[in-house]
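Welcome, and thanks for taking a look at this one. Please open the sequence and the structure side by side, and then follow the tour below topic by topic.

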Amino acid sequence: NVEGQDGGRMEKLQQLMAHYEPNDPESIQKSFARHLEYSLACTRFSFTMQDAYRAAGLVLRDRLLESLNDTNTWYREQDVKRGYYLSAEYLIGRHMQNAIANLDLEQPFKEAFEDLGMKLEDLFGEEADPALGNGGLGRLAACFLDSMATLSLPCWGYGIRYSYGMFKQGIKDGRQIEEPDFWIGDGCPFEIPRPDVTYPVRFYGKVEEAHENGQKVSRWVGGEIVQAMAYDNPIPGFDTYNTNNLRLWRACPSEEFDLDAFSSAQFQDAITQRRKAEDLSAVLYPNDATYAGKELRLRQQYFFVSASLQDLLREFIKRPNFKWEELPQKVAVQMNDTHPTIAVAEMMRLLVDVQKLDWDRAWELTRQCLNYTNHTVMPEALEKWPVEMMERMLPRHLQIIYHINGIWIQKLLQRWGDGPIIAALSIVEEGDVKKIRMGHLAIIGSNKINGVAAIHTEIIKKETFPEFYKWCCDNGEHNKIVNMTNGVTPRRWVHCANPALSEIFTEYLGSQEWLTDMTKLKVMLDYKEDPKLHDKWMAMKKGCKAKLADWLKSTMDLEIDQDALIDIQIKRIHEYKRQLMNILFVIHRYLELKKKSPGERAAVQKRVVLIGGKAASAYVNAKIIIKLINNVAKVINNDPDTKQYLKCAFVPNYCVSAAQVMIPASDISEHISTAGTEASGTSNMKFVMNGGLIVGTMDGANIEIREECGPETMFIFGCQENEVAGISARAQEGHYPIDSRLQAVFDEIRNGKFAGQAEPEAQAEFESIVSRLCNARAAGTWDGDKYLVIYDFPSFIDAQARVDQTYKNKSQWCKLSIQAAASMAQFSTDRTMREYAKVIWGIEPARRPVDEEMQARK
Ligand code: B1H
C-alpha cells in the first residue's frame, strides 16, 4: 500500500478516488471524448467506428471497475461464503449491450450517442464476439454468471483466456471450412489484465519423498513451471449494485528471460520455451459432447484448475484468524463437467503437500467443498486420461488419485465384498491402456453431483453411474445426486435480443420487474386472447423477421419471404441432434410440392427452413451433413416450381450474436434429438421465451417446458426414452421398416438429385449416409441408424403437418405463442442459480447497499 509523507494514507488522493463517475448523458459524452482522445490517441479529425466502440467500451469499463471493486470490498467485509464456478468454457457473447442494460445505462447512453449522431446498434456491431466455448455447456456458464450477479450471489467464474476462441465457420462449395478466431486481436476494452495476480503452475518433473518433523512428506519438484496471469472480466448484475468477476487465466513463461541463455547460443531455446508456455492458453478445443484425448488439453485443464484453486485458497487464508475447519463454510466449488475435475487431486495436493494438513482432514474438506455437474450421457464425452500420460505430466496427482482410489476400494470391499462392481466403481480403468476415469474421480471427491434436466438426472442414476447410485442409496445418501434443470438469462435472451418483446412485457406489467422475476409474466395469460395484444405481438414477430431478413441478406446474400413460417434449427452439428432427419424432411416436403399442381401449391404453407451450427473439425459425418444441407438448399432454392413455397439455407458461423438475431424471429424451432440423448438443451428455452413454438422429442428440457407451457404449445413426436433400446435391438436384427415417403427421399438422394455426376465425391458421401441408416447388424459392431431417424421419421412428418395446420389460424397461433412465452419462469437461470445456491452451495445473496452518492448518481 502506498503511504504519504506523514506515514499515513494519502487522504487527498483517496478522496479523489472515492467518487463515482456520473451517469448523465453529458458526463457520458465527456468521458467518451476523453477516452477517444487520451486512451486511444485518436484525433478529432480521424477516428473510426471501431475506435468509437472502443472508447464507449472504456466508458463502461470505468463504471464496471467501480462496481467490481466495491462489490469485492463488500464481500470481504461481510465475510460471506463464496462460490466458484470452474469451467473450461464461457461462451459469453458480446459485452456492450448487456453491460449497458445491466448497469441501468440504457437511457443516458442512448441520449448521449444519438446526440453525437451515432446509433448504439452500430457500436454494438463493432464488437468481436468472444466465443470461449463450444455450445450449450459454455453458454450455460455465461448465463449462470449473469444470474449470480443479478441475484447478488458472491460467486466468481474461473476459466481460460483462450487467445483463439471457437473457430469461425466458413462455407466453401457447400463444405465447412474453419478459420481462426483471434478475438483478442486489438484488445478487449472489457477485460482487466492483472499482471500482479499470477501463480506458478508446474508440469512434469518428479516426486521426492522426504521427512519433515518426523513425518513422511512428498515433494513435487523439477519439470517446468508456467505462470498463470489473471484477466478479470466484470459481470454486472441487473437491478443490483453488485458486479461479480469472471477471472480467466492466460499462460505466460515463468521468467521473462533466462539471462544465461540470452547471452549464449541457447537464445533460440529460451524463446522456444517461452512460446511453448504461451501455447497452453492459445486455443479452445472445438469439440462438443466428445473429447479428444490430447495431452495439451489435460495441460489446459490442470493449468486453470491449479491457478484457480491457489487463488481461492489465498482469498480464504487472507481472512483474519482463518481456520481450516471453516473452509466448507466459506468456499463452494462447482466443477462444470469433467473438464476441471483434476481439482479433486489438486485440492488434496494443495492442502496436504503445501498447507501440511493431514490426509483425512484434507479429504473431508475437499469432499465438502467440491461439486460436480454432469452434462452428457454420451459415453464418448466422459473423459479418461491414460495413466501413462498423467504419470509424466502430473506425477504427484497420479499418486494422490491412487491413494484416493485405494481407500475407496477398501470401503467398497468392506461393504460388498469382491465382485465385478468393484472394477466398475474404480477410478482406474484396467485394459490395454490403463486410464483414469475423471467422472469417477469427480463423484468420489464431491459433495453433490447433478444432472441438468429431470430426465437427464434420472438417466445418470440409472444408466450412466448406476453403481454409484446404488452406493449412495446403500449409504442413505439418496440426495447426493440431485437435479438442477438448466436455464437461460432473460436479460440477454429477451431484453437485449428482442427489445420489442421486452417493451410489450414491460408495458403490460407496468414495470421491468419481470426481468428479475419471470413469474410476473403470468399476467400476460389474462391477455392471451386479447386482439390488441395479438396485434402488438404479431407486429413484434414481424419486426424480428424483418431484422433477420436484413441480416441474412447482408451476411449471406439470402432473400427470404418475411410472410413465410420461419423454421430454425441451430445447434452444434451432431448425429444425435438429428439435423439429418430435418434435412430429409425438407427433401420430403420438396418432393410433395413438386407433385402438386401450381394451384395446389399455393395452398401449402410457405416455409423458410434455416439450419446452422458448427461441426467439430474431425467429425466426418457431421461435415457430410452440412454438405448435404447446402446441396439440398441449392436445388430447392433454384427450382422455379417450388422456390416461393419452400426455402432452405445453411446459415454459416452460428454464434451467440447470430443467435440473438435468429431466435426472436422464429415461428418454430427444431429440438429433435433421439429420446434420452440431449441432456437438456437450452436454446429450446430461448426460442419459447421469444414466442417461438417447439417441434421436439420427449427429451432433455423439452419435457419440462411442455409441462410448464402446456402440451398444446408444442409439436411433440417420436419414440420415448424407454422404447429406444427395444427399437434399436429390432433395427439391428433387420426388423426395421422404412416409411414409403422416406424411401422416396432416399431414392432421390441415391439417384443423384443433390450431387450426382457433377460432384462424385459428395454423391458417394450422401449414399454412404443413407445406406448406413439402412444397415442391420453385420458381424461385430453395429454402425446403423443409432439415432432412430428411420423410426421417428413418420411421426416427425405428422408433427410438421400439425404445425402447418395450426399456423393457418393466426390468432390461435398467437395465443399459443403468448401462452408459452409467459409460462417460462422455471427456465430463467435466476431460478437455476437460486437452486444451486440453496441446495448445493449453501450460499446466500449479499446485496451491496447503496450509499448516498450512488443514489444521487441515478
Ligand atoms: C454438453 C458437453 C460438452 N454436454 C465435452 N456436454 C466438451 C462435452 O470440449 N469438450 O470436451 C464440450 C462440451 N456439452 C451440453 O451441455 C449438452 O449437450 C446440452 O444438452 C446441455 O443443454 C448443455 C448445458 O448443460
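This is a predicted model: local features need pLDDT of at least 70, side-chain atom pairs count only at pLDDT 80 or more; totals for chains, interfaces and linings use all residues.

**Around Gly57**

- Gly57 belongs to helix H3, which spans residues 49–78.
- Leaving aside residues up to four places away in sequence, Gly57 touches Met96, Pro189 and Phe190.
- Gly57 and Glu191 are separated by 134 residues in sequence, while their C-alpha atoms are 10.0 Å apart in space.

**Domains and how they meet**

- The domain assignment divides the protein chain into domain 1 (21–78 + 97–128), domain 2 (82–94 + 131–194 + 229–250 + 283–483) and domain 3 (496–827).
- Between the C-alpha centres of domain 2 and domain 3 there is a distance of 33 Å.
- The contact between these two involves 36 residues of domain 2 and 31 residues of domain 3.
- On the side of domain 2 that touches domain 3, the elements giving two or more residues are helix H7 (136–150), strand S3 (168–172), strand S4 (175–179) and helix H18 (454–464).
- Sorted by class, that side of domain 2 holds 14 nonpolar, 15 polar and seven charged residues.

- Is strand S18 (residues 607–612) enclosed or open? Six of its six residues are buried, so S18 is largely enclosed by the rest of the structure.
- Arg607, Val609 and Ile611 point one way from S18, whereas Val608, Leu610 and Gly612 point the other way, and all are buried.
- S18 runs parallel to strand S17 (residues 565–570), joined by six bridges, and in this pair Asp567 stands opposite Val609.
- S18 also runs parallel to strand S19 (residues 646–651), again with six bridges, and here Gly612 stands opposite Val651.
- To get from S18 to S19, the chain passes through helix H25 (residues 620–637), making a right-handed β-α-β crossover.

**A closer look at Ile611**

- Ile611 sits in strand S18 and is buried, with 26 other C-beta atoms within 10 Å.
- Which residues does Ile611 touch, not counting those up to four places away in sequence? The list is Gln569, Gln579, Asn582, Ile583, Ile629 and Phe650.
- Lys571 is 40 residues from Ile611 along the chain, and the C-alpha atoms of the two are separated by 8.4 Å.

**Lys686, the annotated lysine**

- An unreviewed UniProt entry lists Lys686 under "modified residue: N6-(pyridoxal phosphate)lysine".
- In the model, Lys686 lies in helix H27, residues 683–689.
- Why does Lys686 count as buried? Lys686 has 30 C-beta neighbours inside 10 Å, and the cut-off for a buried residue is 20 or more.
- Apart from residues up to four places away in sequence, Lys686 touches Val488, Trp493 and Ile663.

- Of the seven residues of strand S6, the number buried is zero, so S6 lies largely in the open.
- S6 pairs with S7 in the antiparallel sense over seven bridges, and Lys206 stands opposite Val221 in S7.
- The hairpin of S6 and S7 has two residues between the strands, and Asn213 takes a positive phi near 50° there.

**Two asparagines with positive phi**

- As background, most residues other than glycine have a negative phi.
- Asn213 has a phi near 50°, a positive value in a residue other than glycine, and is found in the loop between strand S6 (206–212) and strand S7 (215–221).
- Asn653 has a phi near 55°, likewise positive in a residue other than glycine, and lies in the loop between S19 and helix H26 (656–662).
- Which of the terms, buried or exposed, applies to Asn213? Asn213 is exposed, with 6 other C-beta atoms within 10 Å.
- Asn653, on the other hand, counts as buried, with 22 C-beta neighbours inside 10 Å.

Note on methods:
Residues are numbered from 1 along each chain as its sequence is written. UniProt positions are given in the numbering used here, feature names are shortened, and annotations may be inferred rather than shown by experiment. Helices (H or I, at least four residues) and strands (E, at least two) are DSSP runs, numbered from the N terminus. A residue is buried if 20 or more other C-beta atoms lie within 10 Å of its own, exposed if 12 or fewer, and partly exposed in between; C-beta atoms are placed from the backbone. Two residues are in contact if their C-beta atoms, placed from the backbone, lie within 7 Å. Two strands pair if DSSP finds at least two bridges between them. A crossover is right-handed if, with the strands pointing away from the viewer, the path from the first strand over the helix to the second runs clockwise. Domain bounds come from an automatic or database domain assignment. Ala, Val, Leu, Ile, Met, Phe, Trp, Tyr, Cys and Pro count as nonpolar, Asp, Glu, Lys and Arg as charged, and the others, Gly among them, as polar.
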